[in-house]
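Keep the structure open while you read.

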Amino acid sequence: MGERRTIRTDYLARVEGEGAMTVRLQDGRVEHVELRIFEPPRFFEALLRGRAFAEAPDITARICGICPVAYQTSAVNALEDVCGVEVSEPIRLLRRLLYCGEWIESHALHVYMLHAPDFLGYQGAVELARDAPQAVERGLALKKTGNRLMAVVGGREIHPINVRVGGFYRAPSRGELRALVEPLERAREAALETVRWTAGFEFPERSVECTLVALSDPDGYAIERGRIRSDSGLDIAPADYDEFFVEEHVERSTALHSHLRDGGTYLCGPLARFSINYDQLSDAALDAAREAGLEAPCRDPFRSIVVRSVELVYACDEALRLIAAYEEPDVPAVQVDPVAGTGFGVSEAPRGLLYHRYRVDAEGTILDAKIVPPTSQNQRAIEDDLHDVVSRHVQLDDDALRGLCEQTIRNYDPCISCATHFLDLKVERG
Amino acid sequence: MRSRRLDGGSRSAGAGFAGAEAGKRRVVVAIGNGYRRDDGAGLAVAARLRGRVPSGVELVECEQEPSRLIDACDGAAAALVVDAVASGAPPGTLHRFDASSDPVPARLFRSSTHAFGVGEAIELARVLGRLPARVIVYGIEGAAFGAGEGLTEPVATAVERAADAVLADICNPEGDLAHA
């Protein structure tokens, strides 16, 4: 047995929230990789039981401060599914517009504040800002525009209060939305600049082999609804999720690990969306992707930063398109009367597929809730990727290896505040 | 970096909040997550301040994602930030930092569930020249940060003291805090 070394960091910086990771090496071989996860959704599932179904959008919005709209949207989709209600097209498009704001905000935060410093050799955004203040200001401005869009449509920029089962409490006026056109046009330019910027980073050659899973919708690049598709031929309705995806309890973790029913590992998020739906991007986003050298499928987790940048362009374009075509709905919400049954809802959170399932009684009381966030679904793919990355770089010293592991995890933009608390990174060498 | 525990001890002079340039916006930013037990301490302070802060002082609640505090502070002459912390001090300890010219210890805020730490947000604003001239950070030492509702008892008590301390900073231009 060789010399035993232990590497530890107290927490993984620049991942949302904190979690824990351990890598164990024996004689230069990776024996064990473990990403420990703590899951608030379990707490929220319990909290939802016994509550009125109308409360679900407000309660689930609080699971994550970064993607409240994703939680609200999957929740309302599921509850409208239970009750057999389909919202009008203007209401659906307004939801899509709100969701664009969240994509802009979340992607700008991750690309600029959390991920770009990895590629440019900075400890974090503060250090990056000392040398490249204009880049960081561009990221903050993009993020602010996303926040503003969320505030106008959602009523507040965080934990939007305007979303309800059946639609919205109040629909914004055309004038309110028109005021967003100019900032969104500036944001679109900033997003194009973001693609050029990130495309110039250096990327190690990397490819993950797992199945890619994303929503898909014939009417557009799927965000607020869709069927669940994979790059290997899966094409199912949200109601069939539990038949094809399995959550399994892993002893070392409080989290449930997801995998395909046949045992395969899968990945959701920007790489999967881009790979499956790229031909539905806007012209400007497609051009930007081509100029950046992106090709579908894209299986390189490091290049997810470029894909997020392309999605920033798309989200700005799509928001502008939706605003230009906006007609105030006759009523901001359709009536939803409770029906006993089970409903299923999905949407594309910035980090990937977010699945909700609710069982309610005839009075509309929630009897049972299941929430599967994207980071839980990606956990196994992240662990596999870490295993492979460490295997290929065992010769690195502990600090360099730790840095590479952190960057590998950040490639997936894990929403640790949904999925993990206190990330300790520990490398043990035997 | 000036850091003091306020419980029990007398408050020595520090850069004042009330002494910010007259006529300019002042802002209180409360950060937290009400579904992560003591991480909701900042929001609980905000709830106690609502309706009690003088006109000209804006109260901003910032749930979970503190990079927003950069925008919240934009153009303000003074900012007062309240958040939960975990430094190993006894639960309920009230820390007060003058971050006007020195960084707050970023790792003190590591137990928050925030994506981008309060310390980082303040430093980023400083580097970009967007930090108000006066910045005071209150940190309430938490005990429990797991998923759940409700503050632990020592933190709930500290919230009352923190709200009083914040109001003293805001409302007492003649107090010793105003004379840095």
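Where is the kink in α13(A) centred? The kink in α13(A) is centred on Arg380(A) and is about 35°. The bend at a residue is the angle between axes fitted to the seven residues ending there and the seven starting there.

## About the model

This is a predicted model, in which local features need pLDDT of at least 70 and side-chain atom pairs count only at pLDDT 80 or more, while totals for chains, interfaces and linings use all residues. Residues are numbered from 1 along each chain as its sequence is written, and chains are lettered from A and ligands numbered from 1 in the order in which they are written.

Helices (H or I, at least four residues) and strands (E, at least two) are DSSP runs, numbered from the N terminus.

## The kinked helix

Helix α13 of chain A covers residues 374-392. Its 19 residues should span 27 Å at 1.5 Å a residue, and its end C-alpha atoms are 27 Å apart, so the two agree. The expected span is 1.5 Å times one less than the number of residues.

## Helix α4 of chain A and its partners

Helix α4(A) (residues 89-120) packs with helix α6(A) (residues 133-154) at about 155°, with axes 8 Å apart. Axes are lines fitted to C-alpha atoms, for helices over the stretch in contact, and angles run from 0 to 180 degrees between N-to-C directions. The two helices are therefore roughly antiparallel (under 35 degrees is roughly parallel, over 145 roughly antiparallel, 65 to 115 roughly perpendicular, the rest oblique). Their crossing is left-handed (the near helix is turned anticlockwise from the far one by less than a right angle; clockwise is right-handed).

α4(A) also packs with α12(A) (residues 304-324), at about 150° and with axes 9 Å apart. This pair is therefore roughly antiparallel. The crossing is left-handed. Residues in the contact include Trp103(A) of α4(A) and Leu312(A) of α12(A). Contact means C-beta atoms, placed from the backbone, within 7 Å.

## A helix pair in chain B

In chain B, α1(B) (residues 41-49) and α4(B) (residues 153-171) pack at about 55°, with axes 9 Å apart. That makes α1(B) oblique to α4(B). Their crossing is right-handed. Among the contact residues are Ala44(B) of α1(B) and Val159(B) of α4(B).

## Two backbone exceptions

Most residues other than glycine have a negative phi, and most peptide bonds are trans. Asp27(A) is not a glycine, yet has a positive phi of about 50°. Asp27(A) sits in the loop between β2 (20-26) and β3 (29-36) of chain A.

The peptide bond from Ala296(A) to Pro297(A) is cis, with omega near -5°. Pro297(A) lies in the loop between α11 (283-291) and α12 of chain A.

Note on methods: Contact = placed C-beta atoms within 7 Å.
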